[in-house]
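Let's take a friendly walk through a protein model together. Keep the 3D view open and look for each residue as it comes up.

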Amino acid sequence: MRVQDIQIGETYQVKVPQRLPPTLRHHIPRTHADFAADMRLNLRRGDRFDLTVTGIDPEGATVDGYEATTNRVTLRLTADQIELLDLPAGPEYEIDGFVTDTDGNEVTLPAAITYTVLPAVWLHPLEEPVPLASSTARFYRARVQAQATGMTVQDVARAAEDAQEYQRDIAGQALDSYRAEEWLRTAEVEHQEWLRISALMTDKAMKTYAPQSDPQGMTPHS
């Protein structure tokens with residue numbers, strides 16, 4: 001957002017890039033609160049969170065603010081961890097859950113994390129939807145096609161119903177989580193692809209689905 005459009009006291013969604021700018025990467029924390037904010041911001045790379053603005057620096061085009069926190073965290077798996085778990089290549093993977101100690105007790109985090117000098121361009125209106133990259137949409141469409149291969153039209157219709165139910169479940173979670181909103185976008189893509197394949201099979205009287213017979217057929221890596 002433009003710094004002149006930001007209002008103190010208002011809450012915005014902050015989109016954190018994967019690579020932080022030098023001013024934040026090389027920042028040396030002076031207090032425990034600074035250290036907590038730096039750690040939290042690094043965990044938020046490539047993600048979004050809500051920030052209530054408490055200060056604005058028009059000259060530096062930065063803002064100060066705070067994030068109300070919980071002990072829920074999302075950690076992205078490294079390439080080595082993905083390989084160790086023998087997960088399919090292609091998408092990135094994350095572990096989403098709660099911070100606990102080794103005895104299983106939930107860790108209590110500070111009531112809020114305070115950030116300073118965040119770039120104003122990272123801020124977006126709360127109502128702005130989380131976009132889905134075209135390459136990601138293509139991957140999930142291809143995955144549905146791979147799953148549908150060899151299925152009958154009845155099987156595909158049932159899969160479309162299951163995809164719709166999953167989409168509805170995720171829609172409820174998306175009200176409280178930007179991560180779930182991203183999952184909702186992929187769920188929508190998968191549901192629509194199942195519906196498209198079902199309509200295609202009915203129209204062409206196909207006994208079983210084959211991507212080779214689909215004008216929009218593809219593979220996950222095509």
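## Before we start

The model is predicted: local features need pLDDT of at least 70, side-chain atom pairs count only at pLDDT 80 or more, and totals for chains, interfaces and linings use all residues. Residues are numbered from 1 along each chain as its sequence is written, and side-chain values use heavy atoms, with hydrogens and water left out.

## Two nonpolar cores

In soluble globular proteins, nonpolar side chains tend to be buried together. A nonpolar core is a set of buried Ala, Val, Leu, Ile, Met, Phe, Trp, Tyr and Cys residues joined through side-chain atoms within 4.5 Å. Here, buried means under 20% relative accessible area, exposed means over 50%, and partly exposed lies in between (1.4 Å probe, protein chains only). The largest nonpolar core of this model has 19 residues, and those with the most contacts inside it are Leu41, Leu51, Leu118, Trp122 and Leu123. At least two residues of this core come from each of β1 (11-15), α2 (32-43), β2 (48-57) and β6 (112-119). These names follow DSSP runs, numbered from the N terminus: helices are H or I with at least four residues, and strands are E with at least two.

What does Leu41 touch, not counting residues up to four places away in sequence? Its contacts (heavy atoms within 4.5 Å) are Val16, Leu20, Leu24, Phe49, Tyr115, Leu118 and Trp122. There is also a second, separate core of 13 residues, which includes Val144, Ala163, Trp194 and Leu200.

Leu43, Leu75 and Ile95 make a nonpolar surface patch of about 270 Å². Patches are made of residues with over 30% relative accessible area and no salt bridge; like charges are joined within 9 Å, and nonpolar side chains (Val, Leu, Ile, Met, Phe, Trp, Tyr) within 5 Å. The areas come from the Shrake-Rupley method with a 1.4 Å probe, and for residues only the protein chains shown count as cover.

Find Leu75 in strand β4 (residues 72-76). Leu75 is partly exposed, with a relative accessible area of 43%.

Is Gln145 buried or exposed? Gln145 is buried, with a relative accessible area of 0%, and lies in helix α4 (residues 134-148).

Not counting residues up to four places away in sequence, Glu193 touches Arg141, Val144 and Gln145.

## Salt bridges

Side chains of opposite charge can pair when their charged atoms come close. A salt bridge is a side-chain nitrogen of Lys or Arg within 4 Å of a carboxyl oxygen of Asp or Glu. How many salt bridges does a search of the whole structure find? The search finds 12. Among the residues involved, Arg40, Arg44, Asp47 and Glu67 are linked in a network.

In helix α5 (residues 153-173), Asp155 and Arg158 are three residues apart, about one turn of the helix. Their side chains meet in a salt bridge (2.4 Å, N to O). Asp155 is partly exposed at 27% relative accessibility, and Arg158 is partly exposed at 47%. By contrast, Asp214 and Arg196 are both buried, and their side chains meet in a salt bridge (2.6 Å, N to O). Asp214 lies in the segment after α6 (178-204) and Arg196 in helix α6, so this pair ties together parts that are 18 residues apart in sequence.
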